[in-house]
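Hello,

Here is the structure I promised you. Please open it first, then read my notes below.

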Amino acid sequence: MTTTPQAVRRASPRTRRPATPAAPDPSAGLLPEREPVRLLNPDGTPLPARDDYPEPPVEALREMYRRMVVGRRFDVQATALTKQGRLAVYPSSRGQEACQVGGVLALRDTDWVFPTYRESMALTARGIDPVEVLTLLRGDWHCGYDPAAVHTAPQCTPLATQCVHAAGLAYGESYQGRDTVALAFIGDGATSEGDFHEGVNFAAVFKAPVVYFVQNNKYAISVPLSRQTAAPSLAYKGVGYGVPSEQVDGNDPVAVLAVLQRAVAHARAGKGPYLVEAHTYRMEPHTNADDQTRYRDAEEVEAWRDRDPIARLEAYLRDRGELDDAAVAAIAEEAEAYAAALRDRMNAQPEVDPLSLFDHVYAQPTPQLVEQREQVRAELAAARDEEGDA
């Protein structure tokens with residue numbers, strides 16, 4: 001067979017075009033794992049160790065257990081206070097103890113927390129006076145604690161607005177050369193709000209050191225997750241903004257702390273924000289004013305009791321010899337004392353100064369505010385004079 005010059009040229013290696021290199025995957029390093037990270041089985045037995053999520057020190061896990069037990073007892077007591085008329089409303093976080101405490105333990109005291117109305121347990125775990133934590137829900141004051149002193153923003157009732165606040169503070173701290181990290185607690189319903197997306201986008205663009213911690217407890221009041229998003233999970237919402245994300249079993253205390261520690265370290269290293277979604281469940285109604293039987297059945301709630309985060313961590317620590325009956329009893333006794341002291345203090349009628357309504361409205365009171373304050377002062381003085389004459 002005769003070979004033509006054209007065929008030789010086509011076969012010559014010198015004329016072959018090099019293969020086009022594959023384009024880099026823009027989502028590399030951003031996507032969460034397909035299944036939530038888990039380090040303990042529901043019965044407390046450990047799963048194989050992981051290099052990417054090393055187990056936190058056992059001292060941290062013992063402290064996490066203690067704060068979870070005390071936190072749950074606080075939560076039960078606060079719920080009871082609503083039935084006694086001492087609180088106007090209380091959003092319980094029972095069942096979410098691993099998230100509430102893990103979010104706090106992953107931070108330094110100098111870091112900032114941006115809580116929602118459901119983070120009362122997280123705030124007490126941070127060391128804030130429980131009476132000051134409940135002051136907002138009692139209706140005595142806008143915020144019962146000094147945010148600057150405890151590096152904790154006021155509890156946020158409007159959904160997702162704290163996402164923007166956290167991004168702004170974190171960026172400001174970074175701009176001034178400090179390695180402060182902000183952690184914003186978020187509910188699953190908040191991811192449907194515009195402020196969530198604006199906050200995450202701003203943080204990503206300006207590499208603000210903030211961790212967005214979504215506690216997906218399956219319901220935005222009565223709206224199930226299936227009616228909120230079609231995404232595989234809420235953790236995937238970070239990818240569109242160039243934010244690395246992860247999802248974790250929110251009832252596995254060891255995994256929650258391990259994942260959050262990695263997220264906080266990422267933010268503190270100047271790499272920008274991180275999004276963590278914890279799959280968990282609130283065992284109580286949305287608030288004491290909510291009728292949960294209208295949107296979920298008792299069988300669903302009961303199934304989640306077998307995933308109790310406190311029981312899971314207790315079983316694990318007992319098996320390791322890091323917890324025994326005496327230690328468990330001592331922590332339970334501490335929790336009871338904590339609840340008793342809270343109950344006694346909340347039963348005392350607070351002394352409220354009507355003129356305090358005008359405090360902290362503006363840094364410099366406006367003339368109108370000064371005038372209104374004087375009007376109230378005059379009315380109070382007149383009322384006292386009338387009582388004296390009676």
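**What I found**

Start with Glu119, which sits in the loop between β1 (112–114) and α4 (120–125). Helices (H or I, at least four residues) and strands (E, at least two) are DSSP runs, numbered from the N terminus.

A note on the source: this is a predicted model, where local features need pLDDT of at least 70, side-chain atom pairs count only at pLDDT 80 or more, and totals for chains, interfaces and linings use all residues. Residues are numbered from 1 along each chain as its sequence is written, and side-chain values use heavy atoms, with hydrogens and water left out.

Back to Glu119. It is buried but has no salt bridge. Buried means under 20% relative accessible area, exposed over 50%, partly exposed in between (1.4 Å probe, protein chains only). A salt bridge needs a side-chain nitrogen of Lys or Arg within 4 Å of a carboxyl oxygen of Asp or Glu. For Glu119, the nearest side chain of opposite charge is Arg118, 6.3 Å away. Lys and Arg count as positive, Asp and Glu as negative; His and the chain ends are not counted.

Which residues does Glu119 contact, leaving aside neighbours within four places in sequence? They are Gln100, Gln155, Phe185 and Gln215. Contact means heavy atoms within 4.5 Å.

Next, two backbone angles. Ala160 has a positive phi, near 75 degrees. Ala160 lies in the loop between α6 (147–150) and α7 (161–175). Ile221 also has a positive phi, about 60 degrees. Its loop runs between β4 (219–220) and β5 (223–224). Most residues other than glycine have a negative phi.

Best wishes
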